Amino acid sequence: MLCSNTEEIPGQQIVEFYGVVTGSTVRSKHVGRDILAGFKNLVGGELKGYTELLQEARKEALDRMMEQAHSVGANAVVNVRFGTSSVAQGAAELFAYGTAVKVE
Amino acid sequence: MKADPREPDDSVNLTPTHWLPEATTLAVGLTVVALGVFTTIALLVNLLVPLIPLRIEAQVTEAIWAEVQEHVPDGGEEIVKRLETLVDQLATHWPDREYDFRVAVVEADHPNAFALPGGLIIVTTDLIRIAESENELAFVLGHELGHFHNRDHLKALGRGILFDLALASIGMGPGSMSNLFGGSGLLTSRRFNRRQERAADRFGLGLMYEHYGTVAGSLDFFGHDLSATGISETIADFAGTHPGSATRIQEIRDFADEQGWPLNGELLPSVFQAPTVSDSKVPE
Amino acid sequence: MDVLITLGFPLFLLLLTFFVGIRQESNHYKSIREREAAMKDMVTINFSRFPLDLEIEKTGMVMGSVVVSHDYFKNFLAQLRMMIGGRIKSYEPLLDRARREAILRMKEQALARGHNRVVNMRLETSRLANSRRGGKRTAGVEVLAYGTALTVREGF
């Protein structure tokens, strides 16, 4: 499944398009990481735990989006866009959406 | 390019779950963990508190002592002296004590006694009023001495602070009793409090036996407020700070029988009810 | 005794909101699926490239938004789950419903205005916090879907 965040797959032609597909997931880190992050807030710098958390979530959202694209028979998703928002204190929602197309 | 609108599989973004089993598993699992954490904290406190030197406690007493003196009723000095004499008599049977005990009397409408850090015992006027014998008072005072022996007041304080700290570190401030974790903390502290009360009872009984030769009069205190426990005994037992009176009485009886200490015997009259002309002895 | 009351009332509330919430959710999903089937012909893409020689009668920007809140049971479950970390399954239906509802409303607005295509659709999500508890509790989640709607005759 090809993905691109441009309006077409470079070097290929869009033949058909099937509609918008979305993938989303909600994740949180466990309470121990939160406490450590609280300490890290004092000194500053990268919050490794949260970086990992959001990376995993983004990957899962992308996977789900591609699964939806697969279910309509597409072989590529173009114009992929991401969105992040906090759903509750300590939990983040990641969603990805794009247009499922057939390219040749 | 051609448009061919199709409906995608809409279940990819949902995880099929059975909500009720999941909720139960999580709730039970987390409660078990919480109880484990709190019990570990309480055991740690029990281990470390005996290491705290008495000097620090004595400093706290000075501060409280001044405050308490303002609530002593008129004519109370005589009562305080007699109580302190009784305490000293009982304490001679606890030779390695390091405390200097002091007694204060405060006005209140329910019978009670407290042990405060540094060797300070507070007794309410109502307790003195309803005590029918010296032995009865001796049991209450001996019970408080038992708390000092085990340093229970410090343990309760330590538990309170550390429990609140544990809750705060996961984002729930002090006073959050209405959730799983606050509730677990409360249950654990009540369990440990009941153990402490039991140990204090036994210490008090021991002192009484050494001093009087019997433990007669120890149960008279409970005879006064047994009417308060109208609820089923087992629930009050588990959930209350003090074991329900009926259970406590039974435990005292059993312990006395085990040790071979007679529960019946001569009772010395309470000095506070001796009929004398001087009114200042009976507080109003 | 007080332990029973302290435990019993929240437990009752949890079970009540669980059952009511499940029913609400399945009703909403049924409505969403029906409307999605009806809106199937409103072709939507999320980019703006389309054949240049199209006859476009009119265009306009369309949006659809919705704020959805969760029930007490799902919130409780999510808070427990957040202690341990990982995927919070009880929030997934909330966001899925909100997103699909917002997209549907956008399409319905396009249809009501006489359009038949939507291009360059974008999505925005934000969380509304409960102002009483110092902003810690989530009151709801808002999803906004917006795009440019076209009326074309054919060929796209």
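Thr125(C) stands opposite Val143(C), a residue of strand β5 in chain C. Helices (H or I, at least four residues) and strands (E, at least two) are DSSP runs numbered from the N terminus. The model is a predicted one, in which local features need pLDDT of at least 70 and side-chain atom pairs count only at pLDDT 80 or more, while totals for chains, interfaces and linings use all residues. Residues are numbered from 1 along each chain as its sequence is written, and chains are lettered from A and ligands numbered from 1 in the order in which they are written.

In chain C, strand β4 (residues 117-129) and strand β5 (residues 138-152) run antiparallel and are joined by eleven bridges. Both belong to an open sheet of four strands, ordered β1-β4-β5-β2, with mixed pairing; two strands pair if DSSP finds at least two bridges between them. Because β1 (43-44) and β2 (56-68) of chain C each have a single partner strand, they stand at the edges, and one side of each lacks a neighbour in the sheet. Helix α3 (residues 92-112) of chain C packs on this sheet and touches β1, β2, β4 and β5 of chain C, contact meaning C-beta atoms, placed from the backbone, within 7 Å. The direction of α3(C) makes about 150° with that of β2(C), where axes are lines fitted to C-alpha atoms, for helices over the stretch in contact, and angles run from 0 to 180 degrees between N-to-C directions.

In chain A, Phe17(A) lies in strand β2 (residues 14-28). The C-alpha atoms of Phe17(A) and Ala74(A) are separated by 7.8 Å, although these residues are 57 residues apart along the chain.

Definitions and conventions. Contact = placed C-beta atoms within 7 Å.
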